[in-house]
Amino acid sequence: MEQILANGLYLGAQYALIALGLTLIFSLMNVLNFAHGQMYVFGGFVTYTVVAQFGLPFIVGLIASALVLAVMGALIERFLFRPVIRKSKRDESTMLLAAGIAFFLDAVILLLFGEKQRGVPKVVNGVFNWDMRLIMPYDRILIAVLAIALIVGFILFMQYSRTGRAMRALAQDRMAAQLMGVDVDRYSMIGFALGAMLAGLVGGLLVTITGINLGMGGPTSVKAFLMIMIGGAGVISGAIAGGFILGMMESIGLTVLAAYGDVTYLVIFVTLMIFLAIRPQGLMGKPWG
Amino acid sequence: MAPSRISTPRLLGVLAFLVGVFVLVPAFIALTGRWDFYYTLTSVALLSVAAAGVWLTFYIGRINIGQGAYALTGGYVSAILITQHGISFWLTLPLAGVFCAAVSVLIGLPILRLRGVYFAMVTLVLTEVARLTALALPITNGAKGITSIPLPGELSIFGLTIIPDFATLENPKLAFYLMAAVLMVVTYLVLWRIVNSRLGHLCRSLQQNEELSASIGVNTAMLRVLAYAISSFFGGLAGAIFVAISQSIYPSSFVVQDSVNFMLYCFLGGLGYVFGPMLGTLLLYFGWDLLSVAKEYQLLIYSGALIALMLVLPNGVLSLLDRKGGRK
């Protein structure tokens, strides 16, 4: 039991961090970022390159991932999303753009880093063992703690910094924020950069444990969509809740349903669809996002 | 948008299109000997049938990224009926469509209440559900899939052969191409008819403002389920023929990627145009195929072109016509 909960928490922390970036971008720009999973993979590969190829410490790799992805996110917003949003008749046109960017990042990753599974050596060795009831390698604990620290840092940033306040105002009502003197373009760009940075950070964190490969992008995006649907799209608390709920469900499901074969995700999906039929906006979302 | 009476230039355009599809393409392939084009073009025709369904859900203001689920379902229905019950392929074709439509009514009733990205994400998940269900159910034979499905047999009425047995043909590729092309033409005819009927007007009112149209007495709940069912019918049909061509089906025959692609075809062609999805499918699928000469840069060029096209024409390729015809 303790083991299941601990696994759920560990999975939930990393999931929540992925969902945060996606929901931030969605709330600011009404864009469903299909490329989120690819950004995550890209971040993982940057950390891998810095740590395994250049032999620099892990923390440097993590910072490099964050920086590279933040710059990439800012450029994507400035030169791709902004003109398309301005010109298109329907909001959904951005989905094609997002999907195009997802393909593009896949292609770039393939050319730059290849299709092989990559990983970096463990950051810390050893396994935490509490009476055989709870077994967890130290590096997983470290990653979970780092992820939770990042989530807390992100919430504090959104809550108390000037930039965070501006972005929250923007998410609430774009027009009103603009009238209050918020530089909409600038904060959209910062928001997109921040969202991409979070994806890159998770990639950097997880490359030490699960490694990274080209094919992980798409499934990660789908999982991130799930989380923000559970919690409610565009709501930060919802993304965190969604992440932890999905982590727990996965952890419990893998243990309880193991006897029936590989049906955990089927059960999760079906539960989710029933849940959404009853509460379409998720746990904390605004109706019709 | 479209005039109530079919004008002469429009009729000529349709005629030219039909001649192109049924005469020029086979002639061109026979001349150049590029028989592999048949497979590509058959795929284009079938994918555009499925994309037509996606387009119809766009038409009621819903982003549908779940067509892969129905294509997979349709494929399995056809495959199971042929291999386990010995039913003729031609009979399984409508059955697969109807089955998908029925399933989509059941699923659609609750989820069509969702809007915007919520609906989009649920339908995306639906594709995964279909794949995982196919893996888990015993009747679908799990990950091994169903293989060595016989080619479509003879279709005859009162002893009169309408379509010969595909296995006896010397060139089944051409036969499949013609079948897919006929299906495509019929599908778009139906779609065009729907859009220019009372139903189409009602759908447009849903797209613009659902509350408003409900308030003037439109049965929005029924209408959107109906549109979704028609959409899924097309998906199932296309899936069933794909299975007949590849003679096999696996849970991974249609995945999230395919569902996303159907959506992209619609976007690229233009959401405001009935023939948008057909053009989008042709450009994207054929373009992808031609780009295979670029080897490892294939995806890079393809996605780069996609992004560039989006920047230049965010409302789809067919929005070029708008500009030429002046402001609407």
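**Entry 1: the interface**

I began with charge pairing in this predicted model, and between chain B and chain A I counted 0 salt bridges. I then looked for polar contacts between chain B and chain A, and the count came to 2 residue pairs, both at pLDDT 80 or more.

Which helices of chain B supply at least two residues each to the side that touches chain A? I noted α4 (89–111), α5 (116–136), α10 (256–269) and α12 (298–312), and of the elements of chain B it is α5(B) that gives the most to this side, with 13 residues. Sorting the side of chain B that touches chain A by class, I found 35 nonpolar, 8 polar and 5 charged residues.

For the extent of the interface, I recorded that 48 residues of chain B are in contact with 45 residues of chain A, and that the area buried between the two chains is about 4,100 Å², of which carbon and sulfur atoms give 81%.

**Entry 2: the second largest pocket**

Where does the lining come from? Two or more residues each are given by α4 (93–113), α9 (217–231), α10 (236–256) and α11 (264–278) of chain A, together with α5 and α10 of chain B, and the largest share, 7 residues, comes from α9(A). By class, I listed 17 nonpolar, 7 polar and 6 charged residues in the lining of this pocket.

Note on methods:
Residues are numbered from 1 along each chain as its sequence is written. Chains are lettered from A and ligands numbered from 1 in the order in which they are written. This is a predicted model: local features need pLDDT of at least 70, side-chain atom pairs count only at pLDDT 80 or more; totals for chains, interfaces and linings use all residues. Side-chain values use heavy atoms; hydrogens and water are left out. Contact means heavy atoms within 4.5 Å. Buried area is the accessible area (1.4 Å probe) that two parts lose on being put together, summed over both. A salt bridge is a side-chain nitrogen of Lys or Arg within 4 Å of a carboxyl oxygen of Asp or Glu. A polar contact is a pair of N or O atoms within 3.5 Å; within protein, one must be able to donate a hydrogen and the other to accept it, and residues adjacent in sequence count only if both atoms are side-chain atoms. Helices (H or I, at least four residues) and strands (E, at least two) are DSSP runs, numbered from the N terminus. Ala, Val, Leu, Ile, Met, Phe, Trp, Tyr, Cys and Pro count as nonpolar, Asp, Glu, Lys and Arg as charged, and the others, Gly among them, as polar.
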